[in-house]
Amino acid sequence: MKRLKINTILICSLVLTLIAQYSCTTKEKANTSQNPEFDQTNNWIVLDKTDATKEGTTFTWVFEVKNPSDYVFQVVTKDGSFTDTDTATVKIEEQAFEESLSKNYVINENEIVSEFKNIIPLKNTEKQTLSITTEADFKSLRFIPHFKKQIGSGKYHQEWLAMHQSDEKQEALKHFKEAKFGMFIHWGLYSQAGGIWKGTKINNAPHPGPKVAEWLMYAFQIPRTEYKELAKTFNPDKSFAQNVVKLAKDVGMKYIVITSKHHDGFALFDSKSSDFNMVDATPYKADIIKELYNACLAEGIDFGVYYSHGNDWMDGTDGNYANVKKVNDSLGIYTHPNGKNLWDPSDNTHEEYLQNKAYSQIKELLTMLPELRLIWFDGTGFTTEAQAFQFYKLVYDINPNVLVNRRVGYAFGDYLDAGDNKIPSANETLEKYWETCGTTNNSWGYKSYDNDWKSPKELLYYFVDILSKGGNYLLNIGPDGKGHVPETSAQNLRAMGKWIHQNAEAVYGTTRWNTPNEGQEETLLDGTGHRASKGFQREFTSKDFWFTTKGNKVYAISLTNTDGDILIKSLRKGKGDIEKVKLLGSDKTLSYTQNKNGLQTTVTGVPKDALGFVIEVTLKNN
Ligand code: GLC
């Protein structure tokens, strides 16, 4: 009877197309699946008490992790509950967690699930030993992949791979890798509000969520009809496109990615699928995406669009939240709101939103912009594997030259993004090419009161760090409602750009050298919120170098500007025979010595206002 009920739940979840991310059967062992279809519970680890080795109140299992991931850990009782004083201490290899047990969910009518607040990373696929010490009467332990980790079925992998490995995609990827530096533009109706709604700053908004200005509608739970009013006053200066493209050129950015539709659902282009767009809903009445596209093409800048396919607070209903939650509740799994509109959802279905708006607007963009280079998807959460694949394929079928980023969902991106304002550590090995997107203050959209601008040196440091690890930097501007770029951010970018133009050879078309950097430890950029709260502290000394390489050249980048003797340890004898050493930007070759300590030379003539210098080392071809 119970099994029948479970199967009914499973079928429901399939119908609701939720299975790819959350749903599951309540099978009791990790390796037995009752469903020939992909079953997400294959990624669950369930440890029965009856299989444990017992010593007093300590139970121990040895188990394997098939999919390294972050996991949510649960303790399940049978026919009873936990008492107020029940606690459990869990040890997994070197990690130990202690928490009190409480009633978080009821499953199968009478089983109580207690969920640990700590997310447990199980990164090792070798056999692991887990022990739990508790007085509580429990039945089993469950590890469930954390909601942010999407584990796909592999069903689409071959078909995806064929597209991803096509000549068109590989050519596009090569071009993208060489570009290194792009401009992100977050701009839309929210830009007029500058992060303030009816006198309240978004940081003090009544509802939880990111405190970045483009999340205005969400943070204040603005009803859809009220938010729409913002379109009536959105009338930027005609010079927007020209100004922005000029700025990108001045800074040395090779591509632009603009929010063609952000989470609020407003399209900055002429859309037939929704009249909540720049032409039909604003006094501007013209297609500003097309204007920017044309301005980019005229200046040789590559053009890409950001498109929020997962979140659409205007037309995406609740993003499938209620359906997902219903299934999850019955299985004892938490459902994160995932940035969906739960305050005033549209009354269509989510599938209707996909068919009538998201898929069709992607088609519109691809048709309208034949030279489009990239679509930067965002806002997944409840996007299923099948839907994510459909977005990827849709793009490929219309224009195989267009790259797709990781956030399309699952593993279908052509390249990775390391996360908002995140730079991976030099030790991390990534399977695909990557990009870091970053802000110039602590918001993407224009926030009138955020003056915590990153200095030219800080921005350049992140860029150089990214270059040395072989990635791209997509650096954001947040123009105001008129389309004006905040003056300080434009100045800081231009200052950074001056260095980039002078040292272009060490930047464009380079790759990671065998040693990414030497000197101090990495100062990692670890997320928008992290930078906002911690600020940036780092001294740059003449012992710090970041490296890039191209052909037989190695570029040693210093972020100091003082003349004097330098020692580059990573270029010591045995690390390559040297043909020539010079200061980039000058014709003079430098005399040097190379011994077991490093390459020693003397730098002279670095301008006093320079953000740093580059030593170009030409290696002999041997
Ligand atoms: C996050 C935010 C979004 C922003 C994006 C930039 O996904 O939700 O507002 O556009 O990051 O990477």
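**Reading the model**

Guide: We may begin with the annotation: for residues 158-505, UniProt lists "domain: Glycoside hydrolase family 29 N-terminal" in an unreviewed entry. Please keep in mind that the model is predicted.

Visitor: What are the helix and strand contents over residues 158-505?

Guide: The chain there is 37% helix and 13% strand, and its end C-alpha atoms are 38 Å apart.

Visitor: Into which domains is the protein divided?

Guide: The assignment gives domain 1 (40-145), domain 2 (157-414) and domain 3 (512-524 + 536-619). Between the C-alpha centres of domain 1 and domain 3 the distance is 51 Å.

Visitor: How should I read a sheet, and in what order do the strands of the open sheet stand?

Guide: In general, the strands of a sheet pair through backbone hydrogen bonds, either parallel or antiparallel. Here 8 strands form an open sheet with parallel pairing, in the order E17-E16-E15-E14-E11-E20-E19-E18. Strand E17 (403-404) and strand E18 (416-420) each have a single partner strand, so one side of each has no neighbour in the sheet.

Visitor: How many bridges join strand E19 to strand E20?

Guide: There are 4 bridges between strand E19 (residues 434-438) and strand E20 (residues 472-477), and the two run parallel. Opposite glutamate 435 stands asparagine 472 in E20.

Visitor: Let us turn to the ligand. Which residues come nearest?

Guide: Of the 13 residues around the ligand, the nearest are His186, Glu214, His262, Asp378 and Asp420. By class, this shell comprises 6 nonpolar, 3 polar and 4 charged residues.

Visitor: What distance separates a polar side-chain atom of aspartate 420 from an oxygen atom of the ligand?

Guide: That distance is 2.6 Å. For aspartate 378, a side-chain N or O atom is 2.9 Å from an oxygen atom of the ligand. Tryptophan 215 likewise has a side-chain N or O atom 2.9 Å from a ligand oxygen atom. As for cover, the ligand on its own has 310 Å² of accessible area, and the protein covers 90% of that area.

Notes
Residues numbered from 1 in each chain as written. Predicted model: local features only at pLDDT ≥ 70, side-chain atom pairs only at ≥ 80, totals over all residues. Heavy atoms only, no water. Near = heavy atom within 4 Å. Polar contact = N/O pair within 3.5 Å; in protein donor to acceptor, adjacent residues only side chain to side chain. Areas by Shrake-Rupley, 256 points an atom, 1.4 Å probe, with all protein chains shown as cover. Nonpolar A, V, L, I, M, F, W, Y, C, P; charged D, E, K, R; others polar. UniProt positions renumbered as here; feature names shortened; annotations may be inferred. Pairing = 2+ DSSP bridges. Domains from an automatic or database assignment.
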